[in-house]
Amino acid sequence: MTAAAAQVSAGESSTPRAKDLPTARAHPAGLHATARLTAVHNGRTTTLPLLHSDGPFHLRRLRPRGDRARVCVLGAMSAPLGGDRLALDITAGARTRLEVTTAAATIALRGSTTDPATYDVRLTAGEDASLHWLPRPLISTRGSTLHQTYRVELTATSHLLLREEQLLGRTAEPPGHLSTRLTVRRDGRPVLDQHTVYGAPAPAWDGPAVLGGHRATGQLLLVAPEPVPLPAPVLLGDPERGHCVLAPLADGAALLATAVAPTPARLRVLLDTALAHVRDATSSL
Amino acid sequence: MSRTALLLLADGRFPAGGHAHSGGMEAAVASGCVHDTAGLEAFCRGRLHTAGLTAAGLAAAAATGHDPLALDEAADTRTPAPALRRIARSLGRQLMRAARVTWPGAELDHLARHRPQGAHQPIVLGVTARAAGLSPLDAAHAAAYESVGGPATAAVRLLSLDPFEATSVLARLAGDCDAVAAAAAEAAERVAAEGVTVLPAVSAPLLDITGEQHAARPVRLFAS
């Protein structure tokens, strides 16, 4: 960590001093926060020995669904804003079953600076663990710049269900700049490596090769220990009302649905339909 | 480097089967997304900075002499749509046939032996560039240019566009092509030290979605 970053991460008390330091100008108002959540199996059921809330992430236990422990991430303050460094570290230990959601959409705002914000989500699932990450959409608003990463580490016997939805701008508003890098590894080998970049100054991001004028885009990813039988790629929707493809990755034990739609509601319909096909194809959800 | 070898490799008449592919243009035209020169330009610019950049990075890395089989796996993880993986391997196989006669060499033989069904086309392109004495930047240029040249040529046939207009689109994209090739070559230089994750992995949702839709269509002019 640089001296400037250390100054800022030390908290509010350091802000007046940081302001006086020339090196602190890079992130004048950045918030640094890392929330952590760990699930373990106690021999009988999944328990949550670590729920560490931090900054905007308030972690709240929900009522389990069957044998699946559930946690909701509540937004305790407006974030990410420009200059913020946010991280969410979620670990589902061996044999656990865990679902993590968010209570509301995550809204990337410009804040007091045009500095980029970062939001790093680390998802780790152990042997025979099942981890579902099903947050509400991320909304990129005018003037914001957000670099988001998903780093997913699985074992050969982990299950993962991941959904991400992105909305580019609120109603009648151009979006900010949103970059998302998603890397998924199983047993140390890459399964999926994907980078999307939307919003100016990304060239032609709303053109006919990328989003085609749609403002909502999302993915649903299933990774299972065994190959998932899908007789043929599933094609849903149409160019006007949004469309979606569900198909296997090169690693046949993973299915990915990719969707674009004019509205978040249409996007959710497409991804929910894809999820129903996933459920038909596998008994492991 | 031989400038003539680069012209030969990037020439649309190089017998590598590229003429049968529209790079997603036929699907974009069929879905009503592209119907004029402006649409062609937006499509090409978007493809260049997404799939084009990713392909250019892989080609440049292969041209540095990095393990082509590891790069082929990296191409798989960067290509979520099965139809586009099939197309990339089919194009790779066709390029390999032409390349082994044009610039015979042990590295092409090695890749052909380990990927008899075809490696991803950008990997074969990079190894071919190397066999032809070209640099990683040259390979990236060839891949970047190809990512827009194919769709532009196809658009002329699909939309009866004025070929002069389509060519002027490519001329306007020259600066973008140069920038993409430079970025790709720069990333490729770091692969030996930092691994394949430093290579671009930029993707475009519509290319993946319409690529799969196109493969399922019973009647089509272009294979992709």
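**Cysteines, chain A and a helix in chain B**

Me: Is A:Cys72 buried or exposed?
Reply: A:Cys72 is buried, at a relative accessible area of 8%. Bear in mind that this is a predicted model.

Me: And A:Cys244, buried or exposed?
Reply: A:Cys244 counts as buried, with 0% relative accessibility.

Me: How many disulfides are there over all chains?
Reply: Zero, from a search of the whole structure.

Me: Switching to chain A as a whole. How many helices and strands?
Reply: Chain A has three helices and 18 strands. It has 285 residues, and 53% of them count as buried.

Me: What about its surface?
Reply: The accessible surface of chain A is about 12000 Å², and carbon and sulfur atoms account for 54% of that.

Me: Now α5 in chain B. What does it span?
Reply: Helix α5 of chain B covers residues 82-102, 21 residues in total. From first to last C-alpha it reaches 30 Å, close to the 30 Å expected.

Me: Which of its residues are buried?
Reply: The buried ones include B:Ile87, B:Leu91, B:Leu95 and B:Met96, and also B:Arg85 and B:Arg89.

Me: What covers them?
Reply: The cover for the buried residues of α5(B) includes β17 (242-248) from chain A, and from chain B α4, α6, α7 and α12.

How values were computed. Residues are numbered from 1 along each chain as its sequence is written. Chains are lettered from A and ligands numbered from 1 in the order in which they are written. This is a predicted model: local features need pLDDT of at least 70, side-chain atom pairs count only at pLDDT 80 or more; totals for chains, interfaces and linings use all residues. Side-chain values use heavy atoms; hydrogens and water are left out. Helices (H or I, at least four residues) and strands (E, at least two) are DSSP runs, numbered from the N terminus. Buried means under 20% relative accessible area, exposed over 50%, partly exposed in between (1.4 Å probe, protein chains only). Accessible areas come from the Shrake-Rupley method with a 1.4 Å probe; for residues, only the protein chains shown count as cover. A disulfide is a pair of cysteine sulfur atoms within 2.5 Å. The expected span of a helix is 1.5 Å times one less than its number of residues. Contact means heavy atoms within 4.5 Å.
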